[in-house]
Each structure stands twice: as structure tokens, then as C-alpha cells.
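Please look over the sequence and the structure before reading on.

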Amino acid sequence: MNSKTIFLVGVIGVILFVISCVIGGLLIDNYSITGQYISETYAIDTEYGIVLRVFGHIPSGILFTIFSILGYKYFPYSNLTKIGFYGLGLFYGIGTIVVSIFPCDSGCNTEFIDPSISQVIHNLAALLIYTFVPISIILTGIGLKKFSNYRSLSIIALVLGVLSILFVYILISELNPEFVGLYQRIIESLILIWIIACALKIKRTSGNKELR
């Protein structure tokens, strides 16, 4: 794939994910974007859950995976950059697919009372996503730091990664449980901003650059 195609893969993945989240919330009466998880919009008992998963979240996860695996080749080579992009693909791309294939129980069973196998897998995948994606972004930023043309992107990565870790901590600490939906959306937004930032950088990169 050339740089323009990789750019489109990343951007379309982000757009598809955001649209799925927005539409999912609108389809549920009295749904609160600040107090409820994104997963509750496509929980196992929601009327349009399967549609949101099949046509929204799963395709976006596939696009994130493709973007991450192929996108890093348009950046200066370093082991940390490679690990960072592969981590993004594995934990955010494939992770998004997994949490969609295995939706949470009704209301996402926040008390974790007699959870289904799907709920257990969903929670485990979500834990891996929010643990390792911020780390992957930070590793990419460190890897890019030594390249003069990528220092601004490196700073963006470090800022987004650190902020993600901060809000993950706030989310899991349940300091203000009435805002869990807001915290989750901030985390997701930070990750999506990183994907867009990388996609824009790739777009500016020569499409003739030899892939590694």
C-alpha cells in the first residue's frame, strides 16, 4: 500500500469508530455519554448491538490493525517505533475486534456478578487495551525522538501517552464513578488523535519510500 492508502485506512478507521460510538449512544433511551461505557451501546442485550459491532467496531478494529502493521514502515526505523506500532495494532486494533466479538453483559455488569464468558473475555481485552496502548504510544514517541524531522510527532506521542495513562488511572480508581463514560471517551480520543497524527505524517511522506 502507498502512503495515501495507509492514510485513508487510518482516517476511515477513526471515523468509523467515532460514528459507531455516537450512533450507539443515540439509539439507547436515556443513555449518558458521561456516565456509561461505550461498550454498553453494543452490549449483548441491546437491540442494535450486533449491527454496531459487525458494521462499526469490528471493521474499525481491522482498519486500525492494518494501519499499525503497515504504517510504521513509513517512519524512520527503530526497534522502539516498531514495537510501538505493533503494540498499537495488537492491543488497539485486534483488541477492538475482540471486545466487539465478545460484548459485555447487560449494563456491562459493572459489579461483575455471575459474569458470562463473553463478559470475562471482554473485560480482559479491555484491560490489555488500556494497559498497553498508552505504553505503545510512548515507546513510539521515544523511538522517534532521535530523528529531527519527527521530534514534534515524538512530543505529541509522549504527551498523548502520558495523558492516556493518567486517565486510565482515574478510570480504574473509580474516584468519580459517575464520570466513567467521560474518562473512557477521553482515553479513546487520545488514542484516536495519535492515529490521526500518524496518518497525517504518513500522508506527507513520499509514497515511493521503500518499505522495510
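Where does N30 lie? N30 lies in the loop between α1 and α2.

## Basis of the values

The model is predicted, and local features need pLDDT of at least 70, side-chain atom pairs count only at pLDDT 80 or more, and totals for chains, interfaces and linings use all residues. Residues are numbered from 1 along each chain as its sequence is written, and side-chain values use heavy atoms, with hydrogens and water left out.

Helices (H or I, at least four residues) and strands (E, at least two) are DSSP runs, numbered from the N terminus. Contact means heavy atoms within 4.5 Å. Buried stands for under 20% relative accessible area, exposed for over 50%, and partly exposed for values in between (1.4 Å probe, protein chains only).

## Loop residues

N30 has a positive phi of about 60° although it is not a glycine. At 79% relative accessibility, N30 is classed as exposed. D114 sits in the loop between α3 (79-101) and α4, and its relative accessible area of 72% makes it exposed. For background, most residues other than glycine have a negative phi.

S32 is found in the loop between α1 and α2 (49-71). Its relative accessibility of 26% puts S32 in the partly exposed class. S32 and S60 are 28 residues apart along the chain, and their C-alpha atoms are separated by 23 Å.

## Packing of α5 with α6

Two packed helices are described by the angle between their axes and the distance between the axes. Axes are lines fitted to C-alpha atoms, for helices over the stretch in contact, and angles run from 0 to 180 degrees between N-to-C directions. Helix α5 (residues 151-173) packs with helix α6 (residues 180-204) at an angle of about 165°, their axes being 9 Å apart. That makes α5 roughly antiparallel to α6. The classes of angle are under 35 degrees for roughly parallel, over 145 for roughly antiparallel, 65 to 115 for roughly perpendicular and the rest for oblique.

The crossing of α5 and α6 is left-handed, a term used if the near helix is turned anticlockwise from the far one by less than a right angle, and right-handed if clockwise. On the α5 side, the contact residues include L153, I156, A157, L160 and F167. On the α6 side, they include V180, Y183, I187, W194 and K201. The residues of this contact of α5 with α6 divide into 17 nonpolar, two polar and one charged. Here Ala, Val, Leu, Ile, Met, Phe, Trp, Tyr, Cys and Pro count as nonpolar, Asp, Glu, Lys and Arg as charged, and the others, Gly among them, as polar.

## Packing of α4 with α5

Helix α4 (residues 117-144) and α5 pack at an angle of about 160°, with axes 8 Å apart. α4 and α5 are therefore roughly antiparallel to each other. Their crossing is left-handed.

Residues of α4 in this contact include Y130, P134, I137 and G141, and they meet a set in α5 that includes L153, A157, G161 and V168. The contact of α4 with α5 divides into 13 nonpolar, four polar and no charged residues.

## Cysteines

A search of the whole structure finds one disulfide, defined as a pair of cysteine sulfur atoms within 2.5 Å. C104 and C108 form a disulfide, with their sulfur atoms 2.2 Å apart. The angle about the S-S bond is -65°, and the link of C104 and C108 is left-handed. Both C104 and C108 are buried.

C21 is buried, at a relative accessible area of 12%. The sulfur of C198 is 20 Å from the closest cysteine sulfur, in C21, again too far for a bond.

## Two buried helix residues

C198 lies in helix α6 and is buried, with a relative accessible area of 0%. C198 and F7 are 191 residues apart in sequence and 8.3 Å apart in space, C-alpha to C-alpha. Neighbours within four places in sequence aside, C198 is in contact with F67, F75 and F85.

V14 is found in helix α1 (residues 3-26) and is buried, with a relative accessible area of 8%. Not counting residues up to four places away in sequence, V14 touches F64, L192, I195 and I196. V14 and F64 are 50 residues apart along the chain, with C-alpha atoms separated by 8.0 Å.
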